[in-house]
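Subject: Structure handover

Hello,

Here is the structure we discussed, for your files. My notes on it follow below.

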Amino acid sequence: IEEIYDAYPEAIEDSIIASSIHRYHQEVQAFVIIQRYYSSQAKNHFLMMTPDGRGQLPLHTALQNNVRLGSIKLLVKGNPS
């Protein structure tokens, strides 16, 4: 699932995935929840442009935390600059 997500991260927002998440193995559920967090950040233009208390944007924080490539793709796509 991780490689598929990296190739097509937009699929994480599919309503079928969201509505049937309870059917997945616990590790898959955790993965989807974490990646949806980054997806929601990428859609929030205000958040994408506002540095946190350390002067970091979400993309910087994600890179420092070694998140999945799919999440990095979403954050880059969501970065308005």
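How are α3 and α6 oriented to each other: roughly parallel or roughly antiparallel? Please keep in mind that this is a predicted model. Helix α3 covers residues 26–43 and helix α6 covers residues 69–78; they pack at an angle of about 10°, and their axes are 8 Å apart. Angles under 35 degrees count as roughly parallel, and α3 and α6 are therefore roughly parallel to each other. On the α3 side the contact is made by Q35, Y38, S39, Q41 and A42, and on the α6 side by S71, L74, L75 and G78. Sorted by class, the contact of α3 with α6 has 4 nonpolar and 5 polar residues, with no charged ones.

Some more on α3. This helix has 18 residues and reaches 26 Å from its first C-alpha to its last, close to the 26 Å expected at 1.5 Å a residue. Its buried residues are F31, V32, Q35, Y38, S39, Q41 and A42. Besides α6, the buried residues of α3 pack against α1 (2–7), α2 (15–19), α4 (45–49) and α5.

One backbone item is left. Most residues other than glycine have a negative phi. N66 is not a glycine, yet has a positive phi of about 55°. N66 sits in the loop between α5 (58–64) and α6. With a relative accessible area of 67%, N66 is exposed.

Regards

Definitions and conventions
Residues are numbered from 1 along each chain as its sequence is written. This is a predicted model: local features need pLDDT of at least 70, side-chain atom pairs count only at pLDDT 80 or more; totals for chains, interfaces and linings use all residues. Side-chain values use heavy atoms; hydrogens and water are left out. Axes are lines fitted to C-alpha atoms, for helices over the stretch in contact, and angles run from 0 to 180 degrees between N-to-C directions. Helices (H or I, at least four residues) and strands (E, at least two) are DSSP runs, numbered from the N terminus. Angles under 35 degrees count as roughly parallel, over 145 as roughly antiparallel, 65 to 115 as roughly perpendicular and the rest as oblique. Contact means heavy atoms within 4.5 Å. Ala, Val, Leu, Ile, Met, Phe, Trp, Tyr, Cys and Pro count as nonpolar, Asp, Glu, Lys and Arg as charged, and the others, Gly among them, as polar. Buried means under 20% relative accessible area, exposed over 50%, partly exposed in between (1.4 Å probe, protein chains only). The expected span of a helix is 1.5 Å times one less than its number of residues.
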